[in-house]
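Let's look at a few residues and then at the whole.

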Amino acid sequence: MLTKAQIVEHIAKEQNITKSQAERFYSCFTQLVTDTLKAGEEVKLNGVGTLKVAARAARTVRNPATGAPLDIPETRTVKFSVTKDLKDALN
């Protein structure tokens, strides 16, 4: 698993900047992605994929402990679509 600390360390090393500067870059990037998705827009990462907001429909489920029905309201979630290039690189 690739962690935030590993990403920050890699950016700092590759760009010859401090970890503090790399941390600020990482935070800025993640905030930009979050704000863009909140606005309902897609985030395209060339060579990797696309993040987009999708609606999950309201539904009724059963509580497994009691069997009582529960209404789950509609929610928004993020979907990720991988680019063909990345799929090809993995296979």
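This is a predicted model: local features need pLDDT of at least 70, side-chain atom pairs count only at pLDDT 80 or more; totals for chains, interfaces and linings use all residues.

A39 sits in the loop that links α2 (19–38) to β1 (43–45). Although A39 and V53 are 14 residues apart in sequence, their C-alpha atoms lie 9.2 Å from each other.

Stay in that loop for a moment, because E42 also belongs to the stretch between α2 and β1, and E42 counts as partly exposed at 40% relative accessibility. Setting aside neighbours within four places in sequence, E42 is in contact with T36, T50, L51 and K52. Further along the chain, F80 is 38 residues away from E42, and 9.9 Å separates their C-alpha atoms.

One of those contacts of E42, T50, is worth a visit too. T50 is part of strand β2, which covers residues 49–56. Is T50 buried or exposed? T50 is buried, because its relative accessible area is 15% and the cut-off for buried is under 20%. Beyond its neighbours within four places in sequence, T50 touches E42, V43 and K44, and also K79, F80 and S81.

Now turn to the loop between α1 (4–15) and α2, where N16 is found. N16 is not a glycine, yet its phi is positive, at about 55 degrees. N16 is also exposed, with a relative accessible area of 72%. One residue in contact with N16 is I11, which also touches I17, A22 and F25 when residues up to four places away in sequence are not counted.

I11 leads us to the core. Which residues make up the largest nonpolar core? There are five of them: V8, I11, A12, A22 and Y26. Both α1 and α2 supply at least two residues of this core, and α1 gives the largest share, with three.

Here are the residues with a relative accessible area, side by side.

| Residue | Relative accessible area | Class |
|---|---|---|
| T50 | 15% | buried |
| N16 | 72% | exposed |
| E42 | 40% | partly exposed |

Stepping back, the chain holds three helices and five strands. Read from the N terminus, the order of elements is α-α-β-β-β-β-β-α. How does the radius of gyration of the chain stand beside that of a compact globule of 91 residues? The chain has 19 Å, whereas such a globule would have a value near 12 Å. Along its principal axes, the C-alpha trace spans about 60 × 30 × 30 Å.

Of the 91 residues, 14% count as buried. The accessible surface comes to about 7,400 Å², and carbon and sulfur atoms account for 55% of this area. As for contacts between residues at least 6 apart in sequence, 33% join residues at least 24 apart.

Note on methods:
Residues are numbered from 1 along each chain as its sequence is written. Side-chain values use heavy atoms; hydrogens and water are left out. Helices (H or I, at least four residues) and strands (E, at least two) are DSSP runs, numbered from the N terminus. The radius of gyration is taken over C-alpha atoms; the globule rule is 2.2 Å times the number of residues to the power 0.38. Buried means under 20% relative accessible area, exposed over 50%, partly exposed in between (1.4 Å probe, protein chains only). Contact means heavy atoms within 4.5 Å. Accessible areas come from the Shrake-Rupley method with a 1.4 Å probe; for residues, only the protein chains shown count as cover. A nonpolar core is a set of buried Ala, Val, Leu, Ile, Met, Phe, Trp, Tyr and Cys residues joined through side-chain atoms within 4.5 Å.
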